[in-house]
Every structure is written in C-alpha cells, then in structure tokens.
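Please keep the sequence and the model in view while reading.

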Amino acid sequence: MKVLIADDDLSTRKILKKHLEEWGYEVLVSKNGDEAWNLLQQDGVRLAVLDWMMPGIEGVELCRRTREEKKSRYKYLILLTSKKCQEEVNRGLEAGADDYMIKPFHPLELKLRLQAGRRIIELEDSLLKAQEKLHHLATRDYLTGLLNRATIMERLNEELSRSLRVNSSVGVVMVDIDFFKKINDTYGHDVGDAVIVEIASRLKKSVRTYDYIGRYGGDEMLIILSGCDNSQLKKICHRIQASVSGSRIETEKGLLKVTISTGSASSEAFPRLDAESLVKISDRALYVAKSKGRNQSFISESAPHGEEREK
Amino acid sequence: MRGEKICLQATEIMDYTSALERTGGDIDFLQELLDLYGKNFDEKKKFLAKAIQEKNFCLIQDLGHSLKGSSANLSLNSLKKASSQLEAAAREKDMDEVKRSFALLEKEFRRFQDFLHDLAPED
C-alpha cells in the first residue's frame with residue numbers, strides 16, 4: 001500500500017521513510033504542502049502522514065481539501081505534528097484528519113496507527129467491491145452479462161431525453177433469434193443458452209462502444225444506438241444480422257446455423273415518443289420481419305398506427 | 001561502544017536511547033541525522049537572526065516550530081525546549097523574550113555540539 005509522507009523537516013522524512021519501508025509500505029515523500037496535494041490526487045495513495053506546518057498548503061488544509069474531494073476513494077490521514085494543545089488537536093481532527101500524533105512519535109505506536117488506517121482502507125475497498133457486485137447483479141443479465149430489461153429501458157429513456165437536448169436521433173433495434181424454440185427442443189436448454197451467449201457476444205462486437213445492448217427477455221435482445229438516423233440504422237441492422245448468419249455457432253452438439261431477425265425504429269421517424277412506445281414499434285417491426293420469412297430486418301418508418309414501409 | 005556510553009548519559013541535552021529507538025536502533029543512521037540536524041540548524045539560525053532583526057514574528061514562529069519538531073524527533077530535549085520558548089515568544093510578539101530564547105537556543109546548540117563531540121568514536 002502506498003503511503004505519502006509530507007514533512008518539511010528532512011530528518012523526520014528520513015526517519016519516517018526508513019520505518020515505513022521496513023514495515024512494507026511503498027513510500028512517497030514530499031517536503032511541502034503543494035507537492036503533497038499533487039501526490040494525494042494519485043488514486044494509489046490511500047494513507048498519508050502529514051505534518052501540520054509546511055511551506056505551501058498546511059497539513060490541516062490538506063485534510064480539509066481531501067475531505068471535500070468526493071470523487072476519489074477514501075484516504076486515511078494522520079497528522080503528525082508538534083502542535084499539541086487541545087485546541088489544535090481538535091482543529092486537526094475537525095479538518096478531516098483520521099488520527100493525530102504528536103512529535104516526537106514512537107515508532108511502534110505509528111506502526112499500529114497505520115495498521116488501523118490500513119484496516120479502514122481495506123474495509124472500504126471490500127464494501128465498494130460488494131457494492132459494485134450488487135450493482136452488477138442488479139443491472140446485468142446473469143446469462144449474457146448484457147444489461148437487464150429494467151436497465152436497458154432506463155438507458156433508452158436517458159438516451160431519448162439526451163437526444164432531445166442535443167437534437168439528435170436514437171435508434172432502437174429489437175433482435176430475436178429465429179426458431180429458437182426449435183433449438184431448445186432439439187438440442188436442449190444448455191445449447192439454447194450457449195447460442196444466446198454467443199449471439200450476445202457477436203452483437204456486442206457489431207455495435208459501437210457507446211451503444212447499449214440489453215437482454216429484453218427469453219431470446220430477445222434490445223439495442224440502443226445513440227445519434228443514429230434511419231440510414232445508419234439500416235446499415236447497422238444488416239451488420240448485426242450478418243454477424244450472426246456469417247458463421248455457424250459452436251455448441252456441445254456441434255456447429256449450428258443460426259439466424260436472427262431484427263425490427264427497428266428511430267426517434268428521427270418517431271420524434272417525442274417515449275421509450276415504451278418506441279420499443280413497441282420496434283417489436284411490431286420485428287413481427288413484420290419474422291413474417292417475411294426470418295433472417296430479415298425491418299425498419300418501421302410510419303406512425304404507430306399507420307402503414308409501415310419495408311426497407 | 002558509542003551507544004552504551006551515551007545511554008548512561010540520557011541527559012537534558014539528549015535522550016539517546018529514545019532517539020535510537022526512533023531510528024530503528026541504527027546507530028549510523030542516527031549519527032547521519034544528527035549531523036544533518038547540525039547543518040540544518042546553522043542554516044535556520046541565519047534565517048532566525050535576520051527575522052529577529054526585521055521583527056518578522058511570523059517567520060520566527062515558523063522557524064521555532066520547525067526546530068522544535070526536528071529537535072523532538074531526535075530527542076534533543078534542551079533544544080526542543082528552547083525552540084518551543086522561541087515559538088511561544090514570537091506568537092506573543094514579545095521581542096525581549098524572543099531575543100532571550102534565541103540566545104538560549106544558541107547556547108543549547110553549542111552544548112549539543114559538545115555532546116556530539118563526546119559521541120564521536122575514540123580512535
């Protein structure tokens with residue numbers, strides 16, 4: 001773990017560095033407050049031993065600024081100073097120091113206080129990890145790793161609002177695996193799952209990094225294409241289709257030829273529609289594509305209850 | 001042994017045992033730090049003399065504080081005490097007391113140098 005030492009006194013820096021390295025820490029050293037502030041911005045620095053009075057930014061101000069920074073991960077700050085009156089101790093802790101030690105320090109005591117800081121940092125890391133895992137579980141589809149239905153709909157709402165602000169268009173593509181029930185019935189659900197996973201992977205590779213893909217349900221997947229008008233939509237749909245039909249899918253039951261159909265619509269053709277309505281139109285377009293004999297793409301261009309024109 | 005000789009002399013000038021403990025029991029490292037302290041003191045003394053001449057209480061206080069910290073780290077008790085007095089006098093903007101403390105600081109530094117001399121190995 002990286003520890004920052006900030007002290008304008010050379011002997012203190014040398015003593016601290018010697019001990020901290022012996023205790024297994026990676027040590028960064030600074031002799032003034034400005035330099036210390038720059039080093040504290042590094043994400044890897046999670047522990048710091050700061051002198052109070054230094055040229056540039058004082059230690060107590062470093063504590064205050066660090067606590068105001070909400071972006072970075074928690075930093076455990078120890079003020080090590082010869083300021084020892086109660087008022088000063090209170091001021092240091094109030095500014096955001098986690099601990100306060102008065103010079104001269106006892107090495108073993110500093111070691112133990114650093115260990116306490118390390119425990120706090122590790123605890124925070126494990127909590128954040130758990131939080132990330134929970135967030136992943138709450139927003140992702142367990143089988144494919146794609147966004148789940150609730151999240152992809154949330155993203156679509158956000159993208160539609162954004163497109164109104166920036167006056168651009170959003171494309172929505174509903175993807176369905178052709179004859180998926182037959183795959184499941186013939187080869188079993190494990191093979192069906194493997195097909196879904198592989199298609200999800202191919203779809204991810206066929207869209208742009210800033211597009212979103214979610215598993216809408218069963219064998220249906222929903223793609224959101226930002227800044228995409230009807231002409232781009234057509235190209236992307238063909239690319240998506242070709243990515244699946246272009247090569248067979250390897251399964252435990254052998255290589256399978258699988259195709260998909262897509263139904264899509266864009267906010268360019270249907271401005272000011274909400275997410276649910278746009279998805280419904282894409283779903284209807286998918287139905288048209290399927291009725292054309294599958295391995296087809298269909299883009300809806302007319303009003304929801306009007307006549308649709310095949311592309 | 002240098003350390004043993006001085007351990008017996010844990011005086012008001014320096015608590016050698018505690019300083020040695022703070023430097024991880026490394027006698028050579030402690031010696032290096034003491035030498036460094038001496039050089040650093042000379043430099044700060046010049047700044048202090050100038051600050052006193054200019055009645056720059058703020059700078060006197062900072063320098064006193066800094067010397068107090070480095071003296072404390074090396075368990076240089078009398079120098080720590082004199083630096084602390086200097087810092088307090090500057091805080092109170094008491095020039096007479098600042099001058100007295102500065103004189104005391106210089107005296108204690110000379111005692112420290114004698115102490116260092118005694119610390120040197122006998123060839």
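A residue counts as buried when its relative accessible area is under 20%, as exposed when that value is over 50%, and as partly exposed in between. By this rule, 46% of the 123 residues of chain B count as buried. The model discussed here is predicted.

**The two chains**

- Chain A has 311 residues, and 50% of them count as buried.
- The secondary structure of chain A consists of ten helices and twelve strands.
- Chain B, by contrast, has six helices and zero strands, and its pattern along the sequence reads α-α-α-α-α-α.
- In chain A, 63% of the contacts between residues at least 6 apart in sequence join residues at least 24 apart.
- In chain B, residues 24 or more positions apart account for 64% of the contacts with a separation of 6 or more.

**The nonpolar cores**

- The largest nonpolar core has 52 residues, of which A:Leu114 and B:Ile60 touch the most other members.
- Leaving aside residues up to four places away in sequence, A:Leu114 touches A:Val3, A:Leu20, A:Trp23, A:Tyr25, A:Leu47, A:Val49 and A:Ile78.
- Another core lies apart from the largest one and has 28 residues, including A:Phe180, A:Met221, A:Cys228 and A:Val258.

**Where chain A meets chain B**

- How many residues of each chain are in contact with the other chain? On the side of chain A there are 19, and they contact 20 residues of chain B.
- The area buried between the two chains is about 1700 Å², and carbon and sulfur atoms give 59% of it.
- Within chain A, the residues that lose the most area to chain B are A:Ile15, A:Lys18 and A:Met53, which together make up 28% of what that side buries.
- Across this interface the rule finds six residue pairs in polar contact, with both residues at pLDDT 80 or more.
- Helix α1 of chain A, residues 10-22, gives the most to the side that touches chain B, contributing seven residues.
- The residues on that side of chain A divide into six nonpolar, six polar and seven charged.
- The rule also finds two salt bridges across the interface.

- A:Lys18 is placed in helix α1 of chain A.
- Is A:Lys18 buried or exposed? A:Lys18 counts as buried because its relative accessibility is 18%, and the cut-off for buried is under 20%.
- Not counting residues up to four places away in sequence, A:Lys18 touches B:Thr23, B:Asp26 and B:Phe29.
- Side chains of opposite charge can pair when their charged atoms come close.
- One partner of A:Lys18 is in chain B: a salt bridge joins A:Lys18 to B:Asp26, with the closest N and O atoms 3.7 Å apart.
- A partner in chain A is A:Glu22, which forms a salt bridge with A:Lys18 whose closest N and O atoms are 3.0 Å apart.
- The side chains of A:Lys18 and A:Glu22 are also joined by a polar contact of 3.0 Å.
- Because A:Lys18 and A:Glu22 are four residues apart in helix α1 of chain A, about one helical turn separates them.

**Other charged pairs in chain A**

- Over all chains, the structure holds 31 salt bridges.
- A:Glu122 and A:Arg118 form a salt bridge in which the closest N and O atoms are 3.4 Å apart.
- About one helical turn separates A:Glu122 and A:Arg118, because they are four residues apart in helix α5 of chain A, residues 107-139.
- A:Glu122 counts as partly exposed at 42% relative accessibility, and A:Arg118 is partly exposed with a relative accessible area of 26%.
- A further salt bridge joins A:Glu159 to A:Arg162, with the closest N and O atoms 3.3 Å apart.
- Both A:Glu159 and A:Arg162 lie in helix α6 of chain A, residues 149-166, where they are three residues apart, about one turn of the helix.
- A:Glu159 counts as buried at 9% relative accessibility, whereas A:Arg162 is partly exposed with a relative accessible area of 32%.
- A:Glu61, A:Arg64, A:Arg65 and A:Glu68 are joined into one network by salt bridges that share partners.

How values were computed. Residues are numbered from 1 along each chain as its sequence is written. Chains are lettered from A and ligands numbered from 1 in the order in which they are written. This is a predicted model: local features need pLDDT of at least 70, side-chain atom pairs count only at pLDDT 80 or more; totals for chains, interfaces and linings use all residues. Side-chain values use heavy atoms; hydrogens and water are left out. Contact means heavy atoms within 4.5 Å. Buried area is the accessible area (1.4 Å probe) that two parts lose on being put together, summed over both. A salt bridge is a side-chain nitrogen of Lys or Arg within 4 Å of a carboxyl oxygen of Asp or Glu. A polar contact is a pair of N or O atoms within 3.5 Å; within protein, one must be able to donate a hydrogen and the other to accept it, and residues adjacent in sequence count only if both atoms are side-chain atoms. Helices (H or I, at least four residues) and strands (E, at least two) are DSSP runs, numbered from the N terminus. Ala, Val, Leu, Ile, Met, Phe, Trp, Tyr, Cys and Pro count as nonpolar, Asp, Glu, Lys and Arg as charged, and the others, Gly among them, as polar. Buried means under 20% relative accessible area, exposed over 50%, partly exposed in between (1.4 Å probe, protein chains only). A nonpolar core is a set of buried Ala, Val, Leu, Ile, Met, Phe, Trp, Tyr and Cys residues joined through side-chain atoms within 4.5 Å.
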